[in-house]
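Notebook open, pencil ready. I'm going to look up a few things in this one and jot down what I find.

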Amino acid sequence: MPHAISVDGLEKTYRSGLFRPTTVKALQGVDLALEPGRVFGLLGPNGAGKTTLVKVLLGIVKASAGTAQLFGTPVTDHQARQRVGYLPEKHTFPELLTARQMLDVYGQMGRVPAEHRATRIPDLLDRVGLSAQAERKIGTFSKGMLQRVGLAQALMNSPDLLFLDEPTDGVDPVGRRAIRDLLVWLRDEGTTIFINSHLLSEVEKVCGEVAIMNEGELVKQGAISELTAVEREYRLVCTPLPDDLSESVHQRLTPLNNETAPDGLQNWRVASDTRADLNALIDTLRAHDVEIEAIDPVRRSLEDYFIDVVSPPAA
Ligand SMILES: Nc1ncnc2c1ncn2[C@@H]1O[C@H](COP(=O)(O)OP(=O)(O)OP(=O)(O)O)[C@@H](O)[C@H]1O
């Protein structure tokens, strides 16, 4: 089965100015392979090249070098876009149309047959929580409602691959939850979802894997759980430590909010260079009748990780 997205050595250089031409290297050799059925988040600071990458994938912008394919079809071939839905960041929908009429127009443009539109429009409006607003004019919609009707628009042609640019921007927490639930449902149905967003906490909740783009390059890529794990540090939850533990054991344990644990359990941060070392420590604790409730890798937030990756090192 081909990758949903496959990008190899992609470059894009913008040239502007007639008398004093300037060039901007927006993409500088991007490689990406995305399995179908994944929810993928593309992160990066302003100007990193995220929108350019999406535009190349959608055939809106022509790459300067490299190749890009959607489901094995080159993005330069219009067939590649037949299986794609897109919610742009700055969308403007016809304000005088009602939500239902707007979806009908976009469905027609996407060559969705009339009988499919008749069932799909109420279904999608229901899924994005806008059934009661079906006959309301788009011009009267709030920003959050516009995002939700935009998402319904992107889904009109039942895409296998969905591109979303800042999908939850301006949406209140209830609407965000509705969008998140919808994305999870789509993923479970097998849709590949590509999200471009600055809202890292949202990305963290819905994306399985992310890539961080900086200055036109993908500098990090992987599962969020792997990227945010702090190497060889663990959080240990256990019954109170006895006083007769050796100094060397104590030195490896840093207390974490122990005064706030209402159940009498204690939280410790454990640094351990090897697995054997960690297991030896646990053996020592168990030999002192300490009961282990949990031991997990310490994780940073995606935001902390992101800032570490994109911030230039201090001079
Ligand atoms: N049409 C264009 N002509 C010239 N330069 C452009 C054009 N579009 C984008 N750029 C430049 O290319 C670089 C990448 O821009 P791009 O919009 O892809 O970044 P981005 O990561 O999407 O940023 P943001 O998060 O701010 O939307 C920037 O330096 C931008 O100024």
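In what order do the four strands of the open sheet stand? I looked it up: the order is β2-β1-β4-β5, and the pairing is antiparallel. I then checked β1 (residues 5-16), which is joined to β2 by 10 bridges. One pair I found there is S6 opposite A33 in β2.

Before going on, a reminder about what I'm looking at. This is a predicted model, where local features need pLDDT of at least 70, side-chain atom pairs count only at pLDDT 80 or more, and totals for chains, interfaces and linings use all residues. Residues are numbered from 1 along each chain as its sequence is written. pLDDT is the predictor's confidence in each residue, from 0 to 100. The protein chain averages 89, and 97% of the residues score at least 70.

I counted a residue as near if its C-beta atom, placed from the backbone, lies within 6 Å of the molecule. The residues around the ligand include Y14, S16, V24, A26, K50, T51 and T52. β1, β2 and α1 (50-57) each give two or more residues to this shell. The largest share, three residues, comes from α1.

Last entry: strand β3 (residues 39-43). Is β3 mostly covered or mostly open? Mostly covered, since I found five of its five residues buried. Buried here means that 20 or more other C-beta atoms lie within 10 Å of the residue's own (exposed is 12 or fewer, partly exposed is in between), with C-beta atoms placed from the backbone. In a regular strand the side chains alternate between the two faces of the sheet. In β3, V39, G41 and L43 are on one side and F40 and L42 on the other, and both faces are covered.

I also looked up the partners of β3. With strand β8 (residues 192-196) the pairing is parallel over four bridges, and F40 has F194 as its bridge partner there. Strand β9 (residues 209-214) also runs parallel to β3, joined by four bridges, and I found L43 opposite I212 in β9.

How values were computed:
Pairing = 2+ DSSP bridges.
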